[in-house]
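Have a look at it first, then read on.

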There are 2 protein chains.
Amino acid sequence: MTTQHRPASRKEIRQENEKLILQAAEKTFAEAGFGGATMQLIADVAGLPKANLHYYFPTKESLYRRVVQDIFHVWLQAADIFDAADGPIEGLGAYIDAKMEISRKHPAGSKVWASEVMHRAPVIQDYLETTLRDWTEGRIAVIERWIDQGLMDPVNPRHLLYMLWATTQHYADFNHQIETLNNGRPLSDAQWAEATDTVKRIILSGIGARPAT
Amino acid sequence: MTTQHRPASRKEIRQENEKLILQAAEKTFAEAGFGGATMQLIADVAGLPKANLHYYFPTKESLYRRVVQDIFHVWLQAADIFDAADGPIEGLGAYIDAKMEISRKHPAGSKVWASEVMHRAPVIQDYLETTLRDWTEGRIAVIERWIDQGLMDPVNPRHLLYMLWATTQHYADFNHQIETLNNGRPLSDAQWAEATDTVKRIILSGIGARPAT
DNA sequence: CCACAGCTTGACCAATCGGTCAAGATTTTT
DNA sequence: AAAAATCTTGACCGATTGGTCAAGCTGTGG
């Protein structure tokens, strides 16, 4: 039972504890919401005394802000696949794959984001108005190019994007409902594969995507 | 300024106040979450003293439970259209219309539901396991019949349903994000029509829906 | 018109929460 | 090895919250 006790340096301690706290905070905020989560509960999940949290993050709001920002950056990265593609089948297909993977592996992050946006984005409104808006316009331009190239039917790109977000994030945000309707069991590997496949097939077929020759 | 003061009878007073409180509660729970909403704030929105809320609803949780239950019943009603249809184009099309309409008119209700499910349904888990499960199985059977009749491609009906829920509810739950990406303005009538039309077209085309002759 | 049942409300309370603080432990720097 | 900087933590505090209560108010049925 002699666990190798931390020979940790200062920087290591800081990094390790911040990570521990951020993980506990993400989970707790996702499960209880901002108002329902307490610093004491987050501290318990992280295995640290409450006063220690306030040493690293002065206020509950600053901790929450950091959690939401981190999630947002993970989301943005997931979209690089989008650009490297020659057409909608490859690009949108890979994007759906990536977002479904995130929904499966990190549902808590998705829930915190959803909760933040549902409450009118009190802490990340500026991100919505700058980074997200720019990102969205960029992808819309890509989709419009595909349409012009005859690689897909002329559908409204903005609403297509919303549909992709809605569908993929639904598997994270509503995972409890989906589990309940799956007889209380989490989706198996095969079920996740079928979900991803169904989503891809309906959307790609729905927009009349054609392979880039 | 002499507002016709309540000649109200006992029953009328009760109905009127309960409705007032439930409306204020739905709005407040949607905006702040269960933990973030306070009885005092709900009372202010309703224009009643806080102690009066506790007269009609003994605890915050009982008020919240009532709000969620009411929303759930509205949702179930919206699906009657589903059954009366001869095929997917008519049935799913009408269902999408109905749910988009609800998302536009009552976003608060959708948000409360989403929040409840995201937090693992602490108060309506039994509904998920009974009513929602039965409802879902029923609709899956309808869709499977359409597939057998050759009215649409053989897609997994369960994931198709999730896709419908995800997409339509997204316009309510994430209305703030959508508004922000629309230059801070709510969607116009025309934009709502285009959203609904795009969703219907992609999905109905995506599942290869054919008219019932 | 009177007695009773239902409705209203300001004042109040115990519990909990976010946040503070000072004293001690540990590592780094000089 | 001593001084400085950083990290840890139990005890504590003011503010807020959900909920209570008793006294007064208002329809209603006899």
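Between chain A and chain B there are zero salt bridges (a salt bridge being a side-chain nitrogen of Lys or Arg within 4 Å of a carboxyl oxygen of Asp or Glu). This is a predicted model, with local features needing pLDDT of at least 70, side-chain atom pairs counted only at pLDDT 80 or more, and totals for chains, interfaces and linings using all residues. Residues are numbered from 1 along each chain as its sequence is written, chains are lettered from A and ligands numbered from 1 in the order written, and side-chain values use heavy atoms, leaving out hydrogens and water.

So what does join the two chains? Polar contacts turn up in 20 residue pairs across the interface of chain A and chain B, both residues at pLDDT 80 or more. A polar contact here is a pair of N or O atoms within 3.5 Å; within protein, one must be able to donate a hydrogen and the other to accept it, and residues adjacent in sequence count only if both atoms are side-chain atoms. On the side of chain A that touches chain B, helix 9 of chain A gives the largest share, twelve residues. (Helices are DSSP runs of H or I, at least four residues, numbered from the N terminus.) In all, 56 residues of chain A are in contact with 56 of chain B, where contact means heavy atoms within 4.5 Å.

Chain A itself is assigned domain 1 (10–58) and domain 2 (67–206), with bounds from an automatic or database domain assignment. Their C-alpha centres lie 28 Å apart. Here are the two interfaces by buried area, the accessible area (1.4 Å probe) that two parts lose on being put together, summed over both:

| Interface | Buried area | Carbon and sulfur share |
|---|---|---|
| Chain A and chain B | about 4900 Å² | 62% |
| Domain 1 of chain A and domain 2 of chain A | about 530 Å² | 75% |

In domain 1 of chain A, the residues losing the most area to domain 2 of chain A are A:Leu22, A:Glu26 and A:Ala30, together 75% of what that side buries.

How values were computed:
Helices (H or I, at least four residues) and strands (E, at least two) are DSSP runs, numbered from the N terminus.
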